[in-house]
Amino acid sequence: MAASLRCFLRSGKRAVLVAVRRGFHSSSPAAVQVTVRDALNQAMDEELERDERVFLLGEEVAQYDGAYKVSRGLWKKYGDKRIIDTPISEMGFAGIAVGAAMAGLRPICEFMTFNFSMQAIDQVINSAAKTYYMSAGLQSVPIVFRGPNGASAGVAAQHSQCFAAVFLENELMYGVPFEVSDESQSKDFTIPIGKAKVERQSHITLVSHSRFVGHCLDAAAVLAKEGVDCEVINLRTIRPMDVECIEGSVMKTNHLVTVEGGWPQFGVGAEICARIMEPAFNFLDAPVTRVTGVDIPMPYAKILEENSLPQVKDIIFSVKKTLNV
Amino acid sequence: LSDFTPQATFDIKKCDVHRLEAGPPVKAELTREQGLQYYRTMQMVRRMELKADQLYKQKIIRGFCHLYDGQEACAAGIEAAINPSDHLITAYRAHGYTYTRGVSVREILAELTGRIGGVAKGKGGSMHMYAPHFYGGNGIVGAQVPLGAGIALACQYQGNNQICVALYGDGAANQGQLFESFNMAALWKLPCVFICENNKYGMGTSVERASASTDYYKRGDFIPGLRVDGMDVLCVREAARFAADHCRAGKGPIIMELQTYRYHGHSMSDPGVSYRTREEIQEVRSKSDPISLLKERLLSNNMASVEELKEIDIQIRKEVEEAAQFATSDPEPPLEELCNHIFSNNPPLEVRGTNPWSKLKSIS
């Protein structure tokens, strides 16, 4: 994931909506464990070092080390000019960040959570995302918006048209460590935007992003014991979506289950259903099943909260129903 | 008992004013009854917040928890100045106001622990508690201010002589939507008292690092303003009365800046000492604690006795303890509650669960 963040920051004009997650399920021997938080921190550190046009702004990113400690140590290392604490003025500082990008800098604009980004949505969509298109390539906006995307996925955060990168993290994942390959530790290691990752190979295809990729892998482990093999695809990027990867998988498995934390209506799963029908309708032996958050606002009480999001058992249940076993 | 002084007059700090000929009075009258009532209110809020701290550390309360201890004089003083039929809205540091606006400590703590006996049946949590004429509890910084102006609009529209008190913090003072609200409130002369609780820090950022002007009472520009000692419940009360009268007289909105302090960090996940010193916190506790200030006044003017106040403390602790017992033993909301209250006044409908075979029921 550090690699994809680096990729955004370097790609300049191009930009995409990416769901951050998961990892490095690499085949080469793992040298070290890195938490999601540290991976993000390293990525930003490396880019700040490499390119002096890169700077970070947002609430509490500097002296507080980041509300979730993702930017720990950066202010100490780079100072006031490169790491900027803003007042609580999302619309204002998002606009300022976009303007700075237009004038040649490479800002990383952090929203403390994506719920707050909704205040700035006009700047993200109309100023950042559309400008390259509207100017027919004259004016690019090399900016990254990042921050944790809560369980109650902000509807706004899932829309970002081309040319501004919105990096959606997951606060619950910051402390989770993953094994990473030596190769990925290199400062120049990047992964391409728009390419999904196949985590395991077979009878049914599971497509997910962000935190729920882990749930899919857990479900797959349980199902494997019962003789059902799941191919788990980690989308990594939502737009542009790697439909070819999903298609290729469905052509082998003939069954598809999508898993996400967001709401069902107009969600990622809904889009996958629509998109996969076009090339792969005849390969499907059963309708696509979407496993999603419950179609309600996020409740507070623990038992209600747990039951408003997909659990591993929901994925297992849905796989079996889809396979009719 | 009849030895006690029934009423006394106290000198209070003069308020700085902006665009006002005169400010609130510099003397405040206090009856023994009022004194005891304000004491009880502040002490209850204090003990409730400390209990919430304890429950949070035991992991019985989870998620966000923003405590109000240190700022009690603001909630108590405002409530003393307005009517129950007036309206109030605040941000996320809301437990104090939830109490002063009429919700029991039991229902507040049970909401924090996410139980069915909570004021919002456990569905809202810390930042989303409501009561008649109390509109929460709001999680998005600054968003409550336009809402407050809207409530004031409704008051004006209905001609009911009620006002709205809309609170926000020093951090929220830099939100654009505040200035939009100020403009419309002034333009339309809405009966809204905008109150900035300036506790010197927006999360980890001190006021000097966030605001080009820290004269929050002047930030409304064309709106008159008062800067008030927020640690003195009498000061707060007099200023709030003054402000409420201003609105009720049809003069339009007014801004109050309450200079106050929070002992806890921003939330339970912030120790609160990386951006300020322990000495600073200790200094405020020893010199400006709102409950101590009132207590000293009552005792030195023979308006209450040490034993009496101690007795009140004991009663309060007991009540808070019982509320905590309830909050930890009450059951969580049943799963049937999951999808309720999506729409209002609607026939029951079906809601999709996590998968297409899961059909849940929603009633209004």
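## Basis of the model

Residues are numbered from 1 along each chain as its sequence is written, while chains are lettered from A in the order in which they are written. Because the model is predicted, local features need pLDDT of at least 70 and side-chain atom pairs count only at pLDDT 80 or more, whereas totals for chains, interfaces and linings use all residues; side-chain values use heavy atoms, with hydrogens and water left out.

## Chain B as a whole

Chain B has 11 helices and 12 strands (DSSP runs numbered from the N terminus: H or I of at least four residues for helices, E of at least two for strands). Its radius of gyration, taken over C-alpha atoms, is 21 Å, close to the 21 Å that the globule rule gives for 364 residues, so chain B is as compact as a globular protein of that length. The globule rule is 2.2 Å times the number of residues to the power 0.38. Along its principal axes, the C-alpha trace of chain B spans about 70 × 50 × 45 Å.

Of the 364 residues in chain B, 57% are buried (under 20% relative accessible area; over 50% is exposed, and in between is partly exposed, with a 1.4 Å probe and protein chains only). Chain B exposes about 15,500 Å², and carbon and sulfur atoms supply 51% of this area (Shrake-Rupley method, 1.4 Å probe; for residues, only the protein chains shown count as cover). Among contacts (heavy atoms within 4.5 Å) in chain B between residues at least 6 apart in sequence, 71% join residues at least 24 apart.

## Annotated domain

The unreviewed UniProt entry annotates residues 41-335 of chain B as "domain: Dehydrogenase E1 component". UniProt positions are given in the numbering used here, feature names are shortened, and annotations may be inferred rather than shown by experiment. This span is 45% helix and 11% strand, and its end C-alpha atoms lie 36 Å apart.

## Nonpolar cores

A nonpolar core is a set of buried Ala, Val, Leu, Ile, Met, Phe, Trp, Tyr and Cys residues joined through side-chain atoms within 4.5 Å. The largest one has 73 residues, of which Ile78(B), Tyr97(B), Leu109(B), Val165(B), Val193(B) and Met256(B) touch the most other members. Helix α1 (residues 32-57) of chain B gives the largest share of this core, 10 residues. A second, separate core of 31 residues includes Val54(A), Ala62(A), Tyr78(A) and Tyr201(B).

Leaving aside neighbours within four places in sequence, the contacts of Met256(B) include Val193(B), Phe194(B), Leu226(B) and Ala243(B).

## Chain A and its helix α2

Chain A contains 12 helices and 14 strands, and 60% of its 325 residues count as buried. Its accessible surface comes to about 13,100 Å², 54% of which belongs to carbon and sulfur atoms.

Helix α2 of chain A (residues 36-50) has 15 residues and should span 21 Å at 1.5 Å a residue; its end C-alpha atoms are 21 Å apart, which agrees. The expected span is 1.5 Å times one less than the number of residues. In α2(A), 11 of the 15 residues are buried, so the helix is largely enclosed by the rest of the structure. Among them are Val36(A), Arg37(A), Asp45(A) and Leu48(A).

His215(A) lies in helix α8 (residues 212-225) of chain A and counts as buried at 15% relative accessibility. Beyond its neighbours within four places in sequence, His215(A) is in contact with Pro310(A), Gln311(A), Val312(A) and Ile315(A).

Ser202(A) is in the loop between β9 (197-200) and β10 (204-208) of chain A. With a relative accessible area of 29%, Ser202(A) is partly exposed. The C-alpha atoms of Ser202(A) and Thr253(A) are separated by 5.8 Å, although these residues are 51 residues apart along the chain.
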